[in-house]
Amino acid sequence: MGTSGLILIIVAMAGFGALLVGMILLVWYFRYNREGDWYEEPEIPGGVRCPACGAMNPPNAPACLNCHRPLAYAGPYAPPPGSPTMAAPPGPIRVSENAAPPQSTAPAALAAARSAPPPPMPMQSSPPPGMPRAWLEGVGGVMMGQRARLIQTDTLVGRSSVCDVQVPDPKVSRRHFMIRYGEGSFFMQDQDSSRGTRVNGQRTMAQRLKDGDHLEFGDAGVVFRCDEV
């Protein structure tokens with residue numbers, strides 16, 4: 001064997017020895033870090049340290065999670081000093097037997113508003129001087145059973161609250177028609193209503209009224225009554 005072959009053998013053996021030493025040091029390093037005196041597992045608040053292997057375990061653990069040896073009961077968990085505590089839940093609420101149950105006023109008020117009768121028609125003492133006594137007599141829809149006296153020379157009829165005769169019907173326009181008195185006669189004048197006004201079954205924009213004429217608007221119906229016309 002020549003000199004070059006011997007050198008190769010020596011280098012190979014040196015490399016193998018260095019690898020072996022590195023493996024030994026690596027194993028020793030991990031073993032030292034795991035079992036060295038400087039290593040200490042962090043404390044667990046209220047936990048139990050195993051007397052055999054020194055591992056920390058959760059509070060009230062029956063056995064060590066590392067070496068599986070039985071552990072002594074450590075008692076109830078106590079939070080570390082300075083940690084926030086949760087207030088105890090309130091006790092059951094006791095209601096007096098004599099206390100009235102809470103009631104919601106919104107549904108009751110809504111039901112009362114829906115079942116309430118139509119607002120009363122304007123009633124005054126007497127019409128202006130020279131104007132004959134006249135009125136509208138309800139015969140259909142929301143006007144059934146109502147009676148509205150005509151006590152002004154111009155009487156506005158419609159759904160709006162500003163009307164002299166308010167008709168709570170969604171098919172009635174806010175300002176549906178007007179009954180006007182002039183020159184000894186009453187006249188109906190439609191106020192460009194969306195569904196129009198019918199007098200004795202005929203849709204019309206303006207017409208002179210006489211006693212007994214039937215007016216239809218929306219789903220409501222009235223009869224014009226007058227003592228002297």
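Which residue of strand 6 stands opposite glycine 158? In this predicted model, the residue facing glycine 158 is glutamine 166.

Strand 5 has two partners. With strand 6 it runs parallel, and 2 bridges join the two. With strand 7, residues 177-182, strand 5 pairs in the antiparallel sense over 4 bridges. One of the residue pairs here is aspartate 154 with arginine 180, its bridge partner in strand 7.

At the strand 11 end, the partner is strand 8, residues 185-190, in an antiparallel arrangement over 4 bridges. Within that pairing, methionine 188 has glutamine 207 of strand 11 as its bridge partner. Strands of a sheet pair through backbone hydrogen bonds, and the sense may be parallel or antiparallel.

The loop between strand 5 and strand 6 holds serine 160. Is serine 160 buried or exposed? Its relative accessibility is 5%, so serine 160 counts as buried. Apart from neighbours within four places in sequence, serine 160 is in contact with Gln166 and Arg174. Gln166 is also the residue that stands opposite glycine 158.

A further open sheet has 6 strands in the order 4-3-13-12-9-10, and its pairing is antiparallel. Its edge strands are strand 4 (147-149) and strand 10 (202-203), each of which pairs on one side only. Inside this sheet, strand 9 (residues 198-199) and strand 12 (residues 214-217) run antiparallel and are joined by 2 bridges. Valine 199 has leucine 215 of strand 12 as its bridge partner.

Turning to the aromatic side chains, the count comes to 3 aromatic pairs. Phenylalanine 177 and phenylalanine 217 form an edge-to-face pair, 5.0 Å centre to centre with 75° between the planes. Phenylalanine 177 lies in strand 7 and phenylalanine 217 in strand 12, so the pair ties together parts that are 40 residues apart in sequence. Phenylalanine 177 has 0% relative accessibility and counts as buried; phenylalanine 217, also at 0%, counts as buried. The ring centres of tyrosine 181 and phenylalanine 186 lie 4.8 Å apart and their planes meet at 50°, so this pair is tilted. Tyrosine 181 counts as buried at 18% relative accessibility, where the cut-off is under 20%. Phenylalanine 186 counts as buried at 1%. Ring pairs link Tyr181, Phe186 and Phe224 into a cluster. An aromatic ring also takes part in an arrangement with a charge: the charged end of arginine 147 sits over the ring of tryptophan 135, 4.3 Å from its centre.

The largest nonpolar core has 23 residues, and the members touching the most others are Leu150, Val167, Phe186, Leu209, Leu215, Phe217 and Phe224. Strand 3 (134-140), strand 7, strand 8, strand 12 and strand 13 (220-226) each supply at least two residues of this core. Which strand gives the largest share of this core? Strand 13 does, with 4 residues. Among the members named above, Leu215 is the bridge partner of valine 199, and Phe217 is the edge-to-face partner of phenylalanine 177.

A second, separate core has 6 residues, including Val48, Cys50, Ala55 and Cys64. In that part of the sequence, glycine 54 has its place in the loop between strand 1 (48-49) and strand 2 (56-57). At 24% relative accessibility, glycine 54 counts as partly exposed. The C-alpha atoms of glycine 54 and cysteine 67 are separated by 9.5 Å, the two residues being 13 residues apart along the chain.

Note on methods: Residues are numbered from 1 along each chain as its sequence is written. This is a predicted model: local features need pLDDT of at least 70, side-chain atom pairs count only at pLDDT 80 or more; totals for chains, interfaces and linings use all residues. Side-chain values use heavy atoms; hydrogens and water are left out. Two strands pair if DSSP finds at least two bridges between them. Rings of Phe, Tyr and Trp (its six-membered ring) pair if their centres lie within 6.5 Å; planes under 30 degrees apart count as stacked, over 60 as edge-to-face and the rest as tilted. Buried means under 20% relative accessible area, exposed over 50%, partly exposed in between (1.4 Å probe, protein chains only). A charge sits over a ring if NZ of Lys or CZ of Arg is within 6 Å of the ring centre and within 35 degrees of the ring normal. Contact means heavy atoms within 4.5 Å. A nonpolar core is a set of buried Ala, Val, Leu, Ile, Met, Phe, Trp, Tyr and Cys residues joined through side-chain atoms within 4.5 Å.
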